[in-house]
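Please view the sequence and the model together while reading the points below.

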Amino acid sequence: SRPGMQGLGVARVRLFFSFRYRQKIYQCALVDHFKRVGTRPDPATGMWRVALHTIGNGRFQSVQSLDTVLRAVHLIPCYGEGLMPNHWPYSLTLDVFNKFYVNRYVDHHAHQIIF
């Protein structure tokens with residue numbers, strides 16, 4: 001596998017679920033995939049940028065085993081030039097913005113993994 005963000009994917013969990021097949025329980029998540037923007041981190045911030053991966057008019061989604069999840073990631077919106085409304089509902093952030101920074105500075109472990 002490739003090191004750092006070259007070998008990692010970013011996804012948003014929409015639903016956690018499990019199912020049983022032949023006496024084994026499989027723990028899974030339905031996820032929306034993000035794709036990397038560019039081939040290297042942003043030179044101003046040192047952080048990778050990602051955008052929602054779409055197919056046609058829809059999101060690229062899949063079911064992933066929780067065994068494939070490494071850790072949670074902190075996404076920071078790429079805000080642009082305009083002002084945010086005073087009473088912004090933060091719960092809509094991942095649905096409204098087009099691009100995000102993958103925050104490698106959120107903690108020591110992210111800094112070591114996301115490069």
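For the description of a lining, Ala, Val, Leu, Ile, Met, Phe, Trp, Tyr, Cys and Pro count as nonpolar, Asp, Glu, Lys and Arg as charged, and the others, Gly among them, as polar. The model is predicted, so that local features need pLDDT of at least 70 and side-chain atom pairs count only at pLDDT 80 or more, while totals for chains, interfaces and linings use all residues. Residues are numbered from 1 along each chain as its sequence is written, and side-chain values use heavy atoms, with hydrogens and water left out.

**Overall architecture**

- The chain contains two helices and eight strands; these are DSSP runs numbered from the N terminus, with helices (H or I) of at least four residues and strands (E) of at least two.
- Read from the N terminus, the order of the elements is β-β-β-β-β-β-β-α-β-α.
- The C-alpha trace spans about 55 × 35 × 30 Å along its principal axes.
- Of the 115 residues in the chain, 24% are buried, where buried means under 20% relative accessible area, exposed over 50%, and partly exposed in between (1.4 Å probe, protein chains only).
- The accessible surface of the chain is about 8400 Å², and 54% of this belongs to carbon and sulfur atoms; accessible areas come from the Shrake-Rupley method with a 1.4 Å probe, and for residues only the protein chains shown count as cover.
- Among contacts between residues at least 6 apart in sequence, 55% join residues at least 24 apart, a contact being heavy atoms within 4.5 Å.

**The largest pocket**

- The largest pocket has a volume of about 730 Å³.
- Its lining comprises 27 residues, and Gly9, Val10, Ala11, Arg71 and Val73 are the closest to the centre.
- Strand 1 (10–21), strand 2 (24–37), strand 7 (75–77) and helix 1 (93–96) each give two or more residues to this lining.
- Strand 1 gives the most, with five residues.
- By type, the lining of the largest pocket has 20 nonpolar, five polar and two charged residues.
- A pocket is an open set of points on a 1 Å grid over the protein atoms alone, where a 1.4 Å probe fits, with protein on both sides within 12 Å along at least five of seven lines; lining residues have an atom within 4 Å of a point.
- Grid points are joined across faces, edges and corners, and a volume is the space filled by probe spheres set on the points.

**Arg14 in strand 1**

- Arg14 lies in strand 1 and is partly exposed, with a relative accessible area of 38%.
- Leaving aside residues up to four places away in sequence, Arg14 touches Leu30, Val31, Asp32, Arg59, Gln61 and Asp95.
- Met47 is 33 residues from Arg14 along the chain, and their C-alpha atoms are separated by 24 Å.

**The loop between strand 1 and strand 2**

- Arg22 is in this loop and, although not a glycine, has a positive phi of about 50°.
- Gln23, in the loop between strand 1 and strand 2, also has a positive phi, near 70°.
- Arg22 is exposed at a relative accessible area of 70%, and Gln23 counts as exposed at 70% relative accessibility.

**Cysteines**

- The structure holds zero disulfides, a disulfide being a pair of cysteine sulfur atoms within 2.5 Å.
- Cys28 counts as buried at 7% relative accessibility, whereas Cys78 is partly exposed at 21%.
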